[in-house]
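Thanks for coming, everyone. I have one structure to walk you through today. Have a look at it first, then I'll talk.

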Amino acid sequence: MTTVKKWLTQTRQRLHRSLKYRLNRPLPPASSHVFRGPVVVVGSAPLIYKPEGWDADFSVMTINGSQSAIRGWGIDVPDISFMMFNQVEGTSANAVEVRRVLSGQRTRSLYVLLWRKNKRQRLVDGLKAFGYSYDDLTIIDRYERMSLFEEITGRKNTEVRTEDKCSNGLNAVLFALYHGAPQVIITGINPNSTGHSYNQTGLARAHVQMDKTIIEQLLAEGRPLYTADPQVSCDLNIPLWTGRPKA
């Protein structure tokens, strides 16, 4: 595709999505879970740390196959899991590994991003095929994700280019903040890293610059964002979680 043709295609996509977004006025995805204390968003970067001061008030959100990393913490069932649509039926090395590590596991609330809502039964069947279960299942479409992004960042984002999008981990952070999490602690979320905790494929990360941009904005606004990972704290200037802030 030539540069001009690509630009025209992207411009049409932006106009179409902007119009549909304004007409539909979507709300961010809802949550039935109440965040009573810190929310730990667990990504799949190779290094993952359990936050200090863990107790029953903590909530856990996992992304794709990162659920396998928290078993060592004594947690088998996350409160919330975000899964990208292509992990359910995809044939890439990463999708196959995600299904392998999640086989026979379960979560309380499962959110699948960008699956077609009129194909829900196919999603149910696909999850059943690798033995992954849940208490409740929600599909997040693109426009709901755009709404969540705008609600927290104030930015409009039509998600036309890969570099315009946040990672699933950052979308989970935005979700937790939107639903009133008093603190959000990330671990295993490092835009500078490659590879995943649950496989050795060494894949590079997409969405690196947008993740960094949104992290910088959240910190500048004084949002309660922390990391349990010392290197991430050093690299991105995110406060290192050392236990609950004193009242």
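Helices here are DSSP runs of H or I with at least four residues, strands are runs of E with at least two, and both are numbered from the N terminus. By that count, the protein has 8 helices and 7 strands.

Some ground rules. This is a predicted model, in which local features need pLDDT of at least 70 and side-chain atom pairs count only at pLDDT 80 or more, while totals for chains, interfaces and linings use all residues. Residues are numbered from 1 along each chain as its sequence is written, and side-chain values use heavy atoms, with hydrogens and water left out.

Overall shape next. The C-alpha atoms fill a box of roughly 50 × 45 × 35 Å, taken along the principal axes. How does the radius of gyration compare with that of a compact globule? For 247 residues, a compact globule would come out near 18 Å, and the protein has 18 Å, so the two agree. That radius is taken over C-alpha atoms, and the globule rule is 2.2 Å times the number of residues to the power 0.38.

Now burial. Buried means under 20% relative accessible area, exposed means over 50%, and partly exposed is in between, with a 1.4 Å probe and protein chains only. Of the 247 residues, 51% count as buried.

Contacts, too. A contact means heavy atoms within 4.5 Å. Take the contacts between residues at least 6 apart in sequence: 69% of them join residues at least 24 apart.

Let's go to single residues. Start with Ile 63, in strand β2, residues 59-63. Ile 63 counts as buried because its relative accessibility is 7%. Leaving aside neighbours within four places in sequence, Ile 63 is in contact with Val 41, Val 42, Gly 43, Phe 82, Asn 168, Gly 169 and Ala 172. Gly 43 is 20 residues away along the chain, yet the two C-alpha atoms are separated by 5.6 Å.

Pick up Asn 168 from that list. Asn 168 is in helix α6, residues 168-178. Is Asn 168 buried or exposed? Buried, because its relative accessible area is 13%. With neighbours within four places set aside, Asn 168 is in contact with Ile 63, Asn 64, Phe 82, Met 84, Leu 113 and Arg 145.

Next, a loop residue. Gln 105 is in the loop between α3 (93-102) and β4 (106-113). Gln 105 counts as buried because its relative accessibility is 19%. Beyond its neighbours within four places in sequence, the contacts of Gln 105 include Gln 67, Arg 71 and Asp 76, and also Gly 131, Tyr 132 and Ser 133.

On to a helix pair. The axes of α5 (residues 142-153) and α7 (residues 208-220) come within 11 Å and cross at roughly 35°. Axes are lines fitted to C-alpha atoms, for helices over the stretch in contact, and angles run from 0 to 180 degrees between N-to-C directions. Which residues meet? From α5, Phe 149, Ile 152 and Thr 153; from α7, Met 210, Ile 214, Gln 217 and Leu 218. The residues of this contact divide into 5 nonpolar, 2 polar and no charged.

Glu 216 counts as exposed because its relative accessibility is 53%. Glu 216 and Ile 238 are 22 residues apart in sequence and 8.6 Å apart in space, C-alpha to C-alpha.

Arg 25 has a positive phi of about 45° although it is not a glycine. Arg 25 is in the loop between α1 and β1 (39-42), and counts as exposed because its relative accessibility is 70%. The other is Asn 237, also not a glycine, with phi near 60°. Asn 237 is in the segment after α8 (230-236). Asn 237 is exposed because its relative accessible area is 63%.

Last, the helix α1 residue Asn 24. Asn 24 counts as partly exposed because its relative accessibility is 46%. Asn 24 and Gly 222 are 198 residues apart in sequence and 31 Å apart in space, C-alpha to C-alpha.

Notes: Ala, Val, Leu, Ile, Met, Phe, Trp, Tyr, Cys and Pro count as nonpolar, Asp, Glu, Lys and Arg as charged, and the others, Gly among them, as polar.
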